[in-house]
Amino acid sequence: MEVQDPSLPPFSKWKLHIVSENNFPTAAGLASSAAGFAALVMAVARLYQLPQDESELSKIARKGSGSACRSLYGGYVAWEMGELEDGSDSKASQIADVDHWPEIKAAILVVSADKKDTPSTSGMQLTVNSSDLFQQRIQNVVPNRYEEMTKAIIDKDFPKFAELTMKDSNSFHATCLDSFPPIFYMNDTSKKIVKLCHLINEYYKENIVAYTFDAGPNAVLYYLAENETRLFAFIYTVFQNNNGWEVKYTRKQLDEFLAKFSTCIKDNLACNLDDDLHKCVTRVILTSVGPGPQLTEDSLINPETGLPK
C-alpha cells in the first residue's frame, strides 16, 4: 500500500502480533493447522491489500500446512501437485463453490482430542522416504482418483463420492502402515467406526455414509441431508450419550432417530451394535460444507494493550 501512497506509514516494516484460537481439537488430525494458516494468510493479505487471488495465496498457506492451501477457498477444493521439481507451482483450485452441492453434511466423531504422537509433517516425510506403497499411490492411484472424484462432485453423485472417499482414506492409512517404522494414526475405535459405516451401507444396500480419517483417529462421516434420519437412526443410537447433538437437534428429533432404529431396524440386523463404542468418543461435531476464511469484527487482542484478551 505504501508503494502506491507514500503518505501512508510503512506497514510492511511493522511487526504483527498474531493471536490464533481454535474451537475444535488442535493437532489431533482434524486440520486445525490448515484452518489456522489459511486464516493467517488471508488476514495478512487483507491487511496489506495484496493483489493475489486465493489460488496464489494458497502457495503461501501450504508452506505452513499443506492442507491449508485448500482452506483458502470454500466449497470443494483440490490441491494440485504442480509440475516444477521444487513444488513452487503446487496450489489449490476450486472444483465447485459452496452452493454447488450444499446438501452434503458431516458428522465428526472425536475419538481423541489429544495431540497425536506423530505430527502430520514429519509423518508424511517418513512415508515419502520409506513406503513402497506411497510411490504406487502418487503415481497411479491419486491421479485416477482425482479425476473420478472431480466428476462425482460435479455430477453430485454421492454413492460414487462415498466409495472414493472411503477407498482413499484406506489407501492413505495403508501407506502410513507401510512406512518404516509404521505410523498408527487410526486406533481400535477408528476401526470399529469403519465397521459401523459398512454395516449401515450394507443394511440400506447403498452408500449413504462415507468415512474418512486424516492423520489421526477421529472420524469424519459424510452424508446427504436427505439421508439424515436413516443414518442417525444408527449413529445417534450408538453415540446418544456423547455431547454435540443438542447443538442442532431438538429432543423430539433425537427421539425420532431412536424410535426409527428400535421399530424399523433393530430386529433386521445380522449383528448387534457395539453398546460400548460411545465410551471411546469424546464428542460429536455436526457441520457442513462451508466458505473459506471470513472477515469478522471479533478480536482476540485487547486494542488497548495489543496483548491477547
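This dialogue walks through some features of the structure shown above.

Reader: What kind of model is this, and how are its residues numbered?

Author: This is a predicted model, in which local features need pLDDT of at least 70 and side-chain atom pairs count only at pLDDT 80 or more, while totals for chains, interfaces and linings use all residues. Residues are numbered from 1 along each chain as its sequence is written, and side-chain values use heavy atoms, with hydrogens and water left out.

Reader: Into which domains is the chain divided?

Author: Domain bounds come from an automatic or database domain assignment. Here the chain is divided into domain 1 (11-98) and domain 2 (104-288), and the centres of domain 1 and domain 2, taken over C-alpha atoms, are separated by 25 Å.

Reader: How many residues of domain 1 are in contact with domain 2, and what area do domain 1 and domain 2 bury between them?

Author: Contact means heavy atoms within 4.5 Å, and buried area is the accessible area (1.4 Å probe) that two parts lose on being put together, summed over both. In this model 14 residues of domain 1 are in contact with 20 residues of domain 2, and about 1200 Å² is buried between domain 1 and domain 2, with 65% of it on carbon and sulfur atoms.

Reader: What is the order of the strands in the open sheet?

Author: Helices (H or I, at least four residues) and strands (E, at least two) are DSSP runs, numbered from the N terminus, and two strands pair if DSSP finds at least two bridges between them. The open sheet has 4 strands in the order S4-S5-S3-S6, with antiparallel pairing. Strand S4 (210-213) and strand S6 (283-288) each have a single partner strand and stand at the edges, so one side of each is left without a neighbour in the sheet. On average, neighbouring strands of this sheet are turned by 25 degrees against each other, direction ignored; for such angles, axes are lines fitted to C-alpha atoms, for helices over the stretch in contact, and angles run from 0 to 180 degrees between N-to-C directions.

Reader: How many bridges join S3 to S5 and S3 to S6?

Author: S3 is joined to S5 by 6 bridges, and the two run antiparallel; here Lys105 has Tyr223 in S5 as its bridge partner. S3 is also joined to S6 by 6 bridges, again antiparallel, and Ala107 stands opposite Leu286 in S6. S4 and strand S5 (residues 219-224) pair in the antiparallel sense over 4 bridges, where Phe213 has Ala219 in S5 as its bridge partner.

Reader: Which strands does helix H6 touch, and across which strands does helix H7 lie?

Author: Helix H6 (residues 158-178) packs on the sheet and touches strand S3 (104-110), S4 and S5, with its direction making about 30 degrees with that of S4. Helix H7 (residues 188-204) lies across S3, S4 and S5 and runs at about 160 degrees to S4.

Reader: Is S3 mostly covered or exposed?

Author: A residue is buried under 20% relative accessible area, exposed over 50%, and partly exposed in between (1.4 Å probe, protein chains only). S3 is mostly covered, since 6 of its 7 residues are buried.

Reader: How many disulfides does the structure hold?

Author: A disulfide is a pair of cysteine sulfur atoms within 2.5 Å, and the structure holds 0 disulfides. For Cys69, the closest cysteine sulfur is that of Cys176, at 18 Å, which is too far for a bond. Cys197 is in no disulfide either, with the nearest cysteine sulfur, that of Cys271, 13 Å away.

Reader: What does Ser58 touch?

Author: Ser58 has its place in helix H2 (residues 54-64) and is buried, with a relative accessible area of 0%. Not counting residues up to four places away in sequence, Ser58 touches Cys69, Leu72, Lys91 and Ala92, and Cys69 is likewise buried, at a relative accessible area of 0%.

Reader: Which residues have a positive phi, and where is a cis peptide bond?

Author: Most residues other than glycine have a negative phi, and most peptide bonds are trans. Lys156, although not a glycine, has a positive phi of about 55 degrees; Lys156 lies in the loop between helix H5 (132-155) and H6 and counts as partly exposed at 41% relative accessibility. Lys205 has a phi near 60 degrees, also positive in a residue other than glycine; Lys205 lies in the loop between H7 and S4 and is exposed, with a relative accessible area of 75%. The cis peptide bond joins Phe180 and Pro181, with omega about 0 degrees, and Pro181 has its place in the loop between H6 and H7.
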